[in-house]
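Here is a short report on one protein structure. It covers charged pairs first, then strand pairing.

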Amino acid sequence: MIRSRREKLGVHTLIRGDCTTVLRRMPSQSVDVVVTSPPYNLGVPYRTYQDRLPEDAYLDWLEDVCTSLCRVMKDDGSFFLNIAGSSSQPWMPFELMTRLRKLFVLQNHITWIKSISVGEITYGHFKPLNSARFVNRNHEHVFHLTKTGNVPVQRLDAGVPFTDKSNIVRRQHITDRRCRGDTWFIPYETVRSRKEKFSHPGTFPVALPEACIRLHGLRPGGVLLDPFMGSGTTLVAAERMGCVGIGIDTDTSYVNVARKRVRAAIDHEDED
Ligand SMILES: C[S@@+](CC[C@H](N)C(=O)[O-])C[C@H]1O[C@@H](n2cnc3c(N)ncnc32)[C@H](O)[C@@H]1O
C-alpha cells in the first residue's frame, strides 16, 4: 500500500495515492461532480499501474471505487464516467454498468465521438486498427450517473447554437442555443509526440470535463473530483471554470505532470 501525499495548488488539492484508500477518508456528501476515466483494463502501458487484471478482479475493484464515490457525492451530484471497451472486450463497459445499477441511476448515456466521417470528409483523430474483422473504434462512453435519476441538467449551457437561425424566432426560443444531445464530438488536440501528450498514454481533452461541468451546471466554487487524475486534465478544467478540483493518482510522475498543468492554468498559460 502506498502512503498518500497531498498538496494544495491554489484552491485545488492534488493527492498522490491510491483512490480506494483516499476516498474512504473523504467526508460523505462533500463532492458535487465526479468526472473520471479509470484504467480500461486493456493493457495500456501506464508507468506503474498494470492495466491487465483478471476481468472479475477489475470489475470488483471498480465497483468498490464507485461505492466510495457514491458515498462522497452529494445527493444532487453527478458522476460522469468515461470508459471504453475494445473490439476484443466489447462487453466490459456494459458489465461494469450492470454492476453499478445497485448504486446509481443511469441518467444520461453520452457517446463521446473522437472522430467521424461525414460523406467523404473525416473530422477528428482516431487510432487506426489493422483488422480483417473489426472497424476502427472512434467513440467512447460517458455514463452520466446520479443517485436519483432526477438531477436537473443545464441543457442549453452545454448546448450549441442553431445552424438555421430562423429556428430561434419560428420556434420561440429565448436564446440562440439548443441541446446538443447525447453525441458529443470532441476531437483530441493534434499531438505529434509523447512529450506533447504530457507523458501520459491515456488522456482525455480538457473540453470533455468542461462539457460535463456545464451539463451539470456546476457553479464556481463547486467541488469537482477525479479519483484517476492522470495528467490532471479534470483539474485544468476545474481551474478554467472556477471550480475547486480534487485529483488523485497513484503515480508520482503523473502527479508531477498534473501539478505543472494546473500551475500553468492558474497562470493562464496556453497549453497548445
Ligand atoms: C485513464 S488514466 C486517466 C487520465 C486522465 N483522464 C487524463 O486526462 O490525464 C487512469 C489513471 O489512473 C491511475 N490509477 C490507477 N490505479 C489507481 C488508483 N488505485 N488510485 C488512483 N489512481 C490510479 C493511473 O496511474 C492513470 O494515470
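## Salt bridges

The whole structure holds 14 salt bridges. A salt bridge here is a side-chain nitrogen of Lys or Arg within 4 Å of a carboxyl oxygen of Asp or Glu. Side chains of opposite charge can pair when their charged atoms come close.

This is a predicted model: local features need pLDDT of at least 70, side-chain atom pairs count only at pLDDT 80 or more, and totals for chains, interfaces and linings use all residues. Residues are numbered from 1 along each chain as its sequence is written, and side-chain values use heavy atoms, with hydrogens and water left out.

## Asp251 and Arg47

Asp251 pairs with Arg47 in a salt bridge, and their closest N and O atoms are 3.1 Å apart. The two residues sit in distant parts of the chain, 204 residues apart. Asp251 is in the loop between strand E11 (244-249) and helix H7 (252-266). Arg47 is in the loop between E3 and H2. Helices (H or I, at least four residues) and strands (E, at least two) are DSSP runs, numbered from the N terminus.

Asp251 is buried, at 1% relative accessibility. Arg47 is exposed, with a relative accessible area of 53%. The cut-offs are under 20% relative accessible area for buried and over 50% for exposed, with partly exposed in between (1.4 Å probe, protein chains only).

Arg99 forms a salt bridge with Asp56, with the closest N and O atoms 3.8 Å apart. Arg99 lies in helix H3 (residues 92-100) and Asp56 in helix H2, so this pair ties together parts that are 43 residues apart in sequence. Asp56 is exposed, at a relative accessible area of 51%.

Arg99 also forms a salt bridge with Glu63. Here the closest N and O atoms are 2.8 Å apart. This pair links helix H3 to helix H2 as well, across 36 residues. Glu63 counts as buried, at 17% relative accessibility. Shared partners join Asp56, Asp60, Glu63, Arg99 and Lys102 into one network of salt bridges.

## Strand E4 and its partners

E4 runs parallel to strand E3 (residues 31-36), joined by 5 bridges. Two strands pair if DSSP finds at least two bridges between them. Ser78 in E4 is the bridge partner of Val33.

E4 also pairs with strand E8 (residues 139-146), in the antiparallel sense, over 5 bridges. Leu145 in E8 is the bridge partner of Phe79.
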